[in-house]
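Here is a quick tour for anyone about to set up calculations on this one. Have a look at the structure first, then read on.

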Amino acid sequence: MGISLAVRQGDEAARSTQGGLVELAPPPPLLEISRATKIYGGGLLQGGQRVGALRDFNLTLPEKPAAIVTIAGESGSGKTTLANSVLGFTTLTSGQILYRGQDVSQLSRQQHITYRREVQAIFQDPYEVYNPFYRIKHVLDMVIQRFHLARDRSSADQMIESALRVVGLRDAEVLEKYPHQLSGGQRQRIMVARAFLLRPRLIVADEPVSMVDASLRAMILEIMLRMRDEYGISFIYITHDLSTAYQISDYTYILYKGSIAEKGPTPSVIEHPRHPYVQLLLGSIPIPDPKQRWQTSVHIPSEDDQLQAGVDGCPFYARCSYHMERCRAAMPPRYEVNGDGHQCACYLCDQAEKGGTSHTNGGH
Ligand SMILES: Nc1ncnc2c1ncn2[C@@H]1O[C@H](COP(=O)(O)OP(=O)(O)OP(=O)(O)O)[C@@H](O)[C@H]1O
Ligand code: SF4
Ligand SMILES: [Mg+2]
């Protein structure tokens, strides 16, 4: 991803000294995920079944400008596995996640503390992450204390007030309440405020708006945009809903069975999908209407279908109306489709066959 972003980063790395231009090495990206693969199972507990939850996943987020990257796909496509891997809740079977050039599985104690502050999570159901016996004020105070964010009580209060203001809550309304006394939307916004208190560089948001109503959804998406634009916070935004992806994200990745089917700048992917699976998903709403939620009735192949397709071939083979013999033999690489970082993992996008461009396995 992000050819234009990489160029801007390169420009900043060139500094003038005594009238001459000196090329400095560009800073490492904020986040760099390389060939991330997670295979669950194979042990006695899973009855020997192995599930490829994530395969060869690559993503690069530059330090700046901050960006919102959507990870979309149907249930079981590997979205939460990716989120958990970035957050350190799951270890990869292979591949690497680098944060500012450091492998997150090998951080020192100090680096780990910094990582836990700078990379925050927002989940679908915030109730599960609250301790029911703590008032909201205590929840927020604990974060401030744990990370030594404030010098004294009054600066802690100011931080809480400004974090609540960012998410559109007035402090008196919520601070003395227990989690069960809040609405779902208030709980979700407190979670966002809690993350914001830490001034993170990256928020991994796993379906943050799937359990809230339309007006609250719009408000939370608006808050995310503000955090990106005013506070330089990047997001990995996980969703089933391509209409919200279209509304707020800079880049979109579509997963199918743990693999990237298509990715690139959001308008390019959503307005001009190239992969048969993504075309099917978007077929009913050629250009998504932000007011309409993306509902899909796409049939996911059964295990038998998967076996027919073979483990090496395209994971979408059994459902694809365009499949060819070569699709069974090997996983298609990701082909560049129009030079803006838009890539499609389908042999139909192989421009070389039509006398055009090349493919990439590792490009972002
Ligand atoms: N702890 C686990 N043990 C075994 N298999 C798992 C585990 N966690 C996830 N999986 C499997 O990995 C695959 C990807 O799951 P994941 O939760 O990442 O999907 P998802 O895209 O987040 O789905 P949803 O939209 O339903 O949240 C699924 O086949 C799932 O059954
Ligand atoms: S690689 Fe083949 S089976 Fe897979 S989506 Fe493309 S045409 Fe269909
Ligand atoms: Mg999930």
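## Around ligand 2

In this predicted model, ligand 2 is surrounded by 13 residues, and the closest are Cys314, Cys320, His323, Cys327 and Cys346. Sort that shell by class and you get twelve nonpolar residues, one polar and no charged ones. Keep in mind that Cys counts as nonpolar in this scheme.

## Around ligand 1

Ligand 1 has another set of residues around it: Tyr40, Gly41, Val51, Ala53, Gly73, Ser75, Gly76, Ser77, Gly78, Lys79, Thr80 and Thr81. By class, that works out as three nonpolar, eight polar and one charged.

Where do these residues sit in the fold? H2 gives the largest share of the shell, with three residues.

## The fold overall

Zooming out, the protein has 13 helices and 15 strands. Of its 364 residues, 40% are buried. As for contacts between residues at least 6 apart in sequence, 63% link residues at least 24 apart.

## A look at Val143

Val143 is part of helix H4, which covers residues 136-146. Is Val143 buried or exposed? It counts as buried because it has 20 C-beta neighbours inside 10 Å, and the cut-off for buried is 20 or more.

Leaving out residues up to four places away in sequence, Val143 touches Arg194, Leu197 and Leu198. Take Leu198: it is 55 residues from Val143 in sequence, yet their C-alpha atoms are 7.9 Å apart in space.

Definitions and conventions:
Residues are numbered from 1 along each chain as its sequence is written. Chains are lettered from A and ligands numbered from 1 in the order in which they are written. This is a predicted model: local features need pLDDT of at least 70, side-chain atom pairs count only at pLDDT 80 or more; totals for chains, interfaces and linings use all residues. A residue is near a molecule or strand if its C-beta atom, placed from the backbone, lies within 6 Å of it. Helices (H or I, at least four residues) and strands (E, at least two) are DSSP runs, numbered from the N terminus. A residue is buried if 20 or more other C-beta atoms lie within 10 Å of its own, exposed if 12 or fewer, and partly exposed in between; C-beta atoms are placed from the backbone. Two residues are in contact if their C-beta atoms, placed from the backbone, lie within 7 Å.
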